[in-house]
Amino acid sequence: MPPRDDLGQPVPAARPARRVVSLVPSLTESVAVTRPGALAGATIWCTHPGDLDVPRVRGTKNPDLAAIAALKPDLVLANQEENRRVDVERLRAAGIGVWVTVIRTLDEAFASLRRMVTDGLGWPEPPWLAAAERTWREPAPGPRVRAAIPIWRDPWMVVGSATFTGDLAARLGLDNVYADHPERYPHITLDDLAARQPQLIVLPDEPYAFTAADGPEMFPGRRVALVEGRGLTWYGPSLVTARAQLAEQLRDLSGPA
């Protein structure tokens, strides 16, 4: 019986996989670092590793299904949140194996990545995975900080409940003031955000590219931390260095203490 992906779907495919198309930036980096010669295609949003040079199959929400099929992959990698069900179903209907991941916490990320690599792709476990687990094993030092994490402006959106980013932030010592919101990425007003009294505003540079000149000015009198979005939102090899990098960026605050 073929192995099942994170949604419990049996995924028949040739293993070990020799040709892989990834529709998720984090998973693209995971494959490229683990076995670069196997990566046959990726989306236009797949930016890491920096020297990535593979055919592009459009975006995560509008992949070019004909181009994917033409690449003759043994397996396509997808994610429940990042990709559309209809695209996964159409690829499977065309006889292409698709492995779908579901990742909403750091622990889920480690388990899902391990299963994807060993069961889905049929490869040995990569060293970076255990290294990332060791990096995040210890609890966050110091007092906890109430924080809001906007991910978009006009309209304003923030990290809400049950997200990988929210769990990662909690591991960094941040208590998300929207963690109790029923939505995962709610639209909010700045008045509502202020009413929740965050001690810190965390502005990542993706998906919205917040910068020192675009974002902090909307939170006068509050501490603001500009952080790398990849470190805060990606799961994969970036987790090995993300904790130290994010901790440093959170210490480099603007605004009053």
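This is a predicted model: local features need pLDDT of at least 70, side-chain atom pairs count only at pLDDT 80 or more; totals for chains, interfaces and linings use all residues.
**View 1. Helix H5 and helix H9 approach each other with axes within 7 Å.** Two packed helices are described by the angle between their axes and the distance between the axes. Here the axes of H5 (residues 127-135) and H9 (residues 239-251) cross at roughly 30°, and the two helices are therefore roughly parallel to each other. On the H5 side the contact is made by Trp128, Ala131, Ala132 and Thr135, which meet Leu239, Val240 and Arg243 of H9. By residue class, this contact of H5 with H9 comprises five nonpolar residues, one polar residue and one charged residue.

**View 2. An open sheet is built from four strands in the order E8-E5-E9-E10.** Strands of a sheet pair through backbone hydrogen bonds, either parallel or antiparallel, and in this sheet the pairing is parallel. Strand E8 (174-176) and strand E10 (223-227) stand at the edges with a single partner strand each, so one side of each is left without a neighbour in the sheet. Neighbouring strands are turned against each other by 40° on average, with direction ignored. Helix H9 packs on this sheet, where it touches E8, E9 and E10, and the direction of H9 makes about 150° with that of E10.

**View 3. Strand E9 is paired with strand E5 and with strand E10.** Strand E5 (residues 145-148) and strand E9 (residues 200-204) run parallel and are joined by two bridges. In one of these pairs Ala147 has Leu200 as its bridge partner in E9, while Ala148 has Ile201 as its partner in E9. Towards E10, strand E9 pairs in the parallel sense over five bridges, and Leu200, already named as the partner of Ala147, stands opposite Arg223 in E10.

**View 4. Both faces of strand E9 are covered.** On one side of the strand lie Leu200, Val202 and Pro204, and on the other lie Ile201 and Leu203, all of them buried. Because five of the five residues of E9 are buried, this strand is largely enclosed by the rest of the structure.

Technical notes:
Residues are numbered from 1 along each chain as its sequence is written. Side-chain values use heavy atoms; hydrogens and water are left out. Axes are lines fitted to C-alpha atoms, for helices over the stretch in contact, and angles run from 0 to 180 degrees between N-to-C directions. Angles under 35 degrees count as roughly parallel, over 145 as roughly antiparallel, 65 to 115 as roughly perpendicular and the rest as oblique. Contact means heavy atoms within 4.5 Å. Ala, Val, Leu, Ile, Met, Phe, Trp, Tyr, Cys and Pro count as nonpolar, Asp, Glu, Lys and Arg as charged, and the others, Gly among them, as polar. Two strands pair if DSSP finds at least two bridges between them. Buried means under 20% relative accessible area, exposed over 50%, partly exposed in between (1.4 Å probe, protein chains only).
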